[in-house]
Amino acid sequence: MTPSITEHDQDAGASSRRYHYTGVVEIAGHTVRARVVRGFYGKDSGAVAEVLTDQAEWISLAADALNNWWHDTPPPSPDVHAATVLGPLAERLLRRAAKILAAPQTMVTFSPHIYQAVSALLATSSGFNGECHIDPDDIAWATSHGGALHIFEHPDGSVTFTKAHRDECPFVASKGSQDCDDECYFDLPQRS
Ligand SMILES: [Zn+2]
């Protein structure tokens with residue numbers, strides 16, 4: 001179930017160089033804001049939903065790739081009604097944020113060991129000085145294809161990261177201590 005969104009505040013404005021819309025809401029006890037900025041160039045623009053932490057920091061919950069909206073919005077002008085143009089984008093981000101906040105796995109915190117294992121995952125797949133940039137579209141695609149991400153720390157210090165198993169698989173149900181029953185199967189998705 002998606003929690004309800006209570007509107008708190010909003011701010012919009014337009015100049016000859018950029019226009020913006022910011023909406024602040026409350027979702028399940030969290031203060032969440034969506035910020036959408038449309039500049040002349042893609043690099044001046046962005047659409048992100050953020051949640052306010054107990055440490056009074058905003059951390060990103062969801063973002064909208066420029067490809068999804070930038071070309072459909074008019075170039076900056078003082079005449080642009082920013083709330084009308086960008087408000088629906090902010091609303092879409094806030095609905096995604098509400099879904100993310102409703103999912104219990106977002107409250108998972110990583111142990112230092114898992115953090116180091118992610119470093120090793122990057123180092124072994126992209127090199128010891130590897131860097132990998134993940135777009136919001138990649139995240140959405142990965143979430144909707146294959147199994148859910150599971151991370152298992154084994155007693156010998158090894159860590160398994162997997163999207164290869166269905167939720168009922170014995171490997172998943174036993175947190176990695178029993179073997180897969182070989183009934184896990186996902187269709188090969190077409191990437192558009
Ligand atoms: Zn399995």
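# A walk around helix α1

Setting aside neighbours within four places in sequence, Leu-94 is in contact with Ile-5, Gly-23, Val-25, Val-32, Ala-34 and Ala-49. Before we go on, please keep in mind that this is a predicted model.

So where does Leu-94 sit? It is one of the buried residues in α1, along with Ala-82, Leu-86, Leu-89, Ala-90, Leu-93, Ala-97, Ala-98 and Leu-101. And what do the buried residues of α1 pack against? They pack against five strands: β1 (5–14), β2 (18–27), β3 (30–39), β4 (46–52) and β5 (58–63). Have a look for those strands on the screen.

Now the core. The largest nonpolar core holds 22 residues, and the ones with the most contacts inside it are Val-32, Val-36, Ala-49, Ala-90, Leu-93, Leu-94 and Ala-97. Two or more residues of this core come from each of β2, β3, β4, β5 and α1. Which element gives the largest share? That is α1, with nine residues.

Let's look at the helix itself. α1 has 21 residues, and from its first C-alpha to its last it reaches 29 Å, close to the 30 Å expected at 1.5 Å a residue. Where does α1 bend? Look at Pro-88: the bend there is about 25°.

Is Ala-83 buried or partly exposed? Ala-83 counts as partly exposed, because it has 18 C-beta neighbours inside 10 Å, and a residue needs 20 or more to be called buried. Leaving out neighbours within four places in sequence, Ala-83 is in contact with Ala-12 and Tyr-21. Leu-66 is 17 residues away from Ala-83 along the chain, and their C-alpha atoms are separated by 18 Å.

Let's zoom out to the protein chain. It has four helices and seven strands, and from the N terminus the order is β-β-β-β-β-α-α-α-β-β-α. The chain is divided into domain 1 (5–104) and domain 2 (109–173), and the C-alpha centres of the two domains lie 29 Å apart. Along its principal axes, the C-alpha trace spans about 60 × 35 × 35 Å. Of the 192 residues, 18% count as buried. Looking at contacts between residues at least 6 apart in sequence, 46% join residues at least 24 apart.

Next, a hairpin. Strands β6 (residues 150–153) and β7 (residues 159–162) run antiparallel and are joined by four bridges. Which residue in β7 is the bridge partner of His-150? It is Thr-162. Five residues lie between β6 and β7 in this hairpin, and Gly-157 in the turn has a positive phi of about 95°.

Finally, let's visit the segment after α4 (170–173), where we find Lys-175. Lys-175 is not a glycine, although its phi is positive, about 55°. With 13 C-beta neighbours inside 10 Å, Lys-175 counts as partly exposed. Asp-182 also lies in the segment after α4, and its phi is positive too, near 60°, in a residue other than glycine. Is Asp-182 buried or exposed? Asp-182 is exposed, because it has 8 other C-beta atoms within 10 Å, and 12 or fewer counts as exposed.

Definitions and conventions:
Residues numbered from 1 in each chain as written. Predicted model: local features only at pLDDT ≥ 70, side-chain atom pairs only at ≥ 80, totals over all residues. Contact = placed C-beta atoms within 7 Å. Domains from an automatic or database assignment. Expected span 1.5 Å × (residues − 1). Bend = angle between axes of the 7 residues up to and from the residue. Core = buried A, V, L, I, M, F, W, Y, C linked by C-beta atoms within 7 Å. Pairing = 2+ DSSP bridges.
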